[in-house]
Amino acid sequence: MLLLIKGMVCNRCVYVLEQEFNNLGFMEPDIQLGRVVLKTSGIQTSDLTIIRSMLIKNGFDLLYSRNQIIVEKIKVLVENGINIQLTTNTALKFSAYISDKLNKNYDTLSAIFSSIEGNTLEKHIILQKIEKVKELLVYTDQSLSDIAFALGYSSPSHLSNQLKKYTGFTSSYYKQIRQDKIIIQKQASKN
């Protein structure tokens, strides 16, 4: 049985749902971003109620409308687009990328996204990039300049301004978190 899941945007989401479905007794579910295939035939209404409760508890939900499905596909494409930028160091025009992948006009997709999410698609893309920037600053030794270049920003200062605007913190704050983590790890390895 195929279940379309709202709110899955990263590999951690896949990991969490693998654990949760196993805990519910659904062994070896095929889980990918935005979807779960259960190898069990004959899912009962009570099973769907339990599954939905588990999903909601973990910040997900089942998808029901065509527009909700489109929004979830857009979210997956945004995540994939960011990863493409990071692996290729090539700027990606998200409007063209999303429009081409979904074979729909970008303005239409953007309007659908805004109506379901209550936020613009452009802002969602920015916020997802900012989340990735925070992750890279804390978990890698990449400079803000390298990250800005990889994510297609016009300049490191533009990225720095967006980071400050959307998080309230500068890149040095996230770099300090990285340094603190390294110190703690070194101290722990000595003990």
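How do the residues of the lining of the largest pocket divide into nonpolar, polar and charged? I count seven nonpolar, five polar and seven charged. For the classes I take Ala, Val, Leu, Ile, Met, Phe, Trp, Tyr, Cys and Pro as nonpolar, Asp, Glu, Lys and Arg as charged, and the others, Gly among them, as polar.

**Ground rules.** I am working on a predicted model, where local features need pLDDT of at least 70, side-chain atom pairs count only at pLDDT 80 or more, and totals for chains, interfaces and linings use all residues. Residues are numbered from 1 along each chain as its sequence is written, and side-chain values use heavy atoms, with hydrogens and water left out.

**Overall.** I looked up the fold and found nine helices and four strands. These are DSSP runs numbered from the N terminus (helices H or I, at least four residues; strands E, at least two). The order from the N terminus is β-α-β-β-α-β-α-α-α-α-α-α-α. The C-alpha atoms fill a box of roughly 55 × 55 × 30 Å along the principal axes. Of the 191 residues, 36% count as buried. Buried means under 20% relative accessible area, exposed over 50%, and partly exposed in between (1.4 Å probe, protein chains only).

**Largest pocket.** I read a volume of about 480 Å³. Its lining has 19 residues, and Cys-10, Arg-12, Glu-79, Lys-132 and Glu-135 are the closest to the centre. A pocket here is an open set of points on a 1 Å grid over the protein atoms alone, where a 1.4 Å probe fits, with protein on both sides within 12 Å along at least five of seven lines; lining residues have an atom within 4 Å of a point. Points are joined across faces, edges and corners, and the volume is the space filled by probe spheres set on them. Helices H1 (11-23), H3 (66-88) and H6 (121-139) each supply at least two lining residues. H6 has the largest share, eight residues.

**Second largest pocket.** This one has a volume of about 320 Å³. Phe-94, Glu-122, Ile-125, Ile-126 and Lys-129 are the closest to its centre, out of 14 lining residues. H4 (94-102), H6 and H8 (156-167) each give at least two. H6 gives the most here, four residues. By class I note six nonpolar, five polar and three charged.

**H6 against H8.** How do these two helices pack? Their angle is about 100°, with the axes 10 Å apart. Axes are lines fitted to C-alpha atoms over the stretch in contact, and angles run from 0 to 180 degrees between N-to-C directions. H6 is therefore roughly perpendicular to H8 (the range is 65 to 115 degrees). The contact (heavy atoms within 4.5 Å) includes Ile-126, Leu-127 and Ile-130 of H6 and Leu-159, Leu-163 and Tyr-166 of H8. By class, the contact has eight nonpolar, two polar and two charged residues.

**Leu-86.** This residue lies in H3. Leu-86 is partly exposed, at 22% relative accessible area. Leaving out residues up to four places away in sequence, Leu-86 touches Lys-132, Leu-136, Ala-150 and Leu-151.

**Positive phi.** Most residues other than glycine have a negative phi. I logged Glu-28, with phi near 50°. Glu-28 sits in the loop between H1 and strand S2 (30-32) and is exposed at 59%. Asn-103 has a phi of about 55°. Asn-103 lies in the loop between H4 and H5 (106-117) and is exposed at 70%.

Note on methods. Angles under 35 degrees count as roughly parallel, over 145 as roughly antiparallel, 65 to 115 as roughly perpendicular and the rest as oblique.
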